[in-house]
Amino acid sequence: MSLKERINAANEEALRRIVAADPVLVDVAPAGDVIPGLEDRMILHSGPPVTWERMCGAQRGAVIGMCLFEGWAQDPAAAARMLAAGEIALEPNHHHGTVGPMAGTITRNMWVWVVENRAFGNRAFCRQVESFQQFGDHSPDALAGLEKWRDTWGPALGTAVRKMGGVPLKQLVARALLMGDEMHNRVVASSSLFANAVAPHLVVCGLPTEQVVSTLFYAGNHPFLFLGLSMAAAKASMDPVRGVEASTVVTAMARNGTEFGIQVSGLEGEWFTAPAPRVQGLLLPGWKEEDAGLDMGDSAITETVGWGGAALGGAPGILSFTGGTAEQALAFSRDMRGISTGLSPDYLMPALNFEGTAVGIDIRKVVHANLVPVIDTAIAHREPGHGIIGGGIVRPPMECFTKALARFAEKYQG
Amino acid sequence: MPTKVENLLQQRPVFLIVGVRGFGESLRDAGHQVVFLDWSPPAGGDPKLAALLDDLL
């Protein structure tokens, strides 16, 4: 069999595994109880590996926030000293079967969504999405949101989800795509569908009324609630694709605000990185272009599985957040087909005649077409201490893909 | 009777523009009929990457 034939067969297998994925929300639990290898005095973060010295401002702010949240430091200055002294371990979420939005920070007492891929038996994890600490805000108000999630909402949702015997996510995502979501920054429909599904079980699960009511308000009014779930579902769907010998399919795209990194199935365990790009988009009132940090977050796992930018054509509502036109959104979805392995039979876009979203980004096709995937994303400040400042569209650096292709040739051509 | 070539030369030309849209846009602005074909050299014209892709894609 020629190398080309081996690659094509491997990519068909990768595509089969992505399409077969069956993500089910099975629990909401403390990260320390469920994430493999998450130790005390360790912070998981988004993107490829990064040191405190090279970390961008927003991610620095977020890890300082986690030191305060865990009680490891009493004030931000003390936290920064501990981090600079190397007293806190920093590891990528992706090395622990996990993803996190924006700075992506997760410690043992942060509660996480637990999603099981029932087709393959693996589990993936993601923390909740909010608009402050994950963007680098470590103020008492920002940390109060994390505490509420830890003490009230997370435990209540976990109880309800276990009572339900899990929440199948494949059907829910497919339905939300028909309702104008793209599962990255437009998750209004999926958040509502999830809140509707979980609400009656919350009411009858025997928790104190005050906790139930608070959780119903939280779940029913959080426009980004489902992003944590879609990220965990995407991660759970993509992890079985890792390590398919000779496959050129991308298994992760992730950014830490300093570097953009990708991982490739047939090159398991390696990162291919380049400087993080600038996001083109809309800033909230009061912020200027020079305030914006560079691209950050594990949320591009949604584009990796074929949602987000690949599904933009079916989600024109998101353009109020990212900017751009409906024609451009349709073109983005069409373009992604040219650099992918196939189309999803389950995740359909009405605006594109119910055709499936593009699945299985192929590094060969990206380099050949000189066209990188499109990602819609939020924007953080370049300095620590701020919440969300905007949203927009970003493209990964081509250098990540050319580096991966060169390494692939080195490994497999010999 | 005019030949096919003579017939062709008596009609208004239709321009097929491959890749570089700018060439066709000025013709279109001048009133000519233009058909655009999206094309770019493989790997953005990088010969080393194109050679790699010959073996892999």
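These questions and answers cover the sheets, the chain interface and a salt bridge of a predicted model.

Residues count from 1 along each chain as its sequence is written, chains are lettered from A and ligands numbered from 1 in the order in which they are written, and side-chain values use heavy atoms, without hydrogens and water. In this predicted model, local features need pLDDT of at least 70, side-chain atom pairs count only at pLDDT 80 or more, and totals for chains, interfaces and linings use all residues.

Me: In what order do the 5 strands of the open sheet with mixed pairing stand in chain A?
Reply: Strands are DSSP runs (E, at least two residues), numbered from the N terminus, as are helices (H or I, at least four). Two strands pair if DSSP finds at least two bridges between them. Strand 4 (98-99) and strand 7 (167-168) of chain A each have a single partner strand, so one side of each lacks a neighbour in the sheet. The order is 4-6-5-1-7.

Me: Which residue in strand 5 of chain A stands opposite A:Leu25?
Reply: Strand 1 (residues 23-30) and strand 5 (residues 111-117) of chain A run antiparallel. They are joined by 7 bridges. Opposite A:Leu25 stands A:Val115.

Me: Which residue in strand 16 of chain A is the bridge partner of A:Gly281?
Reply: An open sheet of chain A has 3 strands in the order 11-16-15, paired antiparallel. Strand 11 (280-283) and strand 15 (375-379) stand at its edges, each with a single partner strand. Strand 11 is joined to strand 16 (residues 390-394) by 4 bridges. The bridge partner of A:Gly281 is A:Gly392.

Me: What area is buried between chain A and chain B?
Reply: In contact (heavy atoms within 4.5 Å) are 15 residues of chain A and 12 of chain B. Buried area is the accessible area (1.4 Å probe) that two parts lose on being put together, summed over both. Carbon and sulfur atoms give 71% of it. The area is about 1200 Å².

Me: Which element gives the largest share of the side of chain A that touches chain B?
Reply: Helix 1 (3-20), helix 13 (363-369) and helix 14 (398-413) of chain A each give two or more residues to that side. The largest share is 6 residues. It comes from helix 14 of chain A.

Me: How many residues apart in sequence are the parts that A:Asp295 and A:Arg255 tie together?
Reply: Their side chains meet in a salt bridge (Lys or Arg side-chain nitrogen within 4 Å of an Asp or Glu carboxyl oxygen), at 2.8 Å, N to O. A:Asp295 lies in the loop between strand 11 and strand 12 (296-297) of chain A, and A:Arg255 in strand 8 (residues 250-256). So the pair ties together parts whose separation in sequence is 40 residues.
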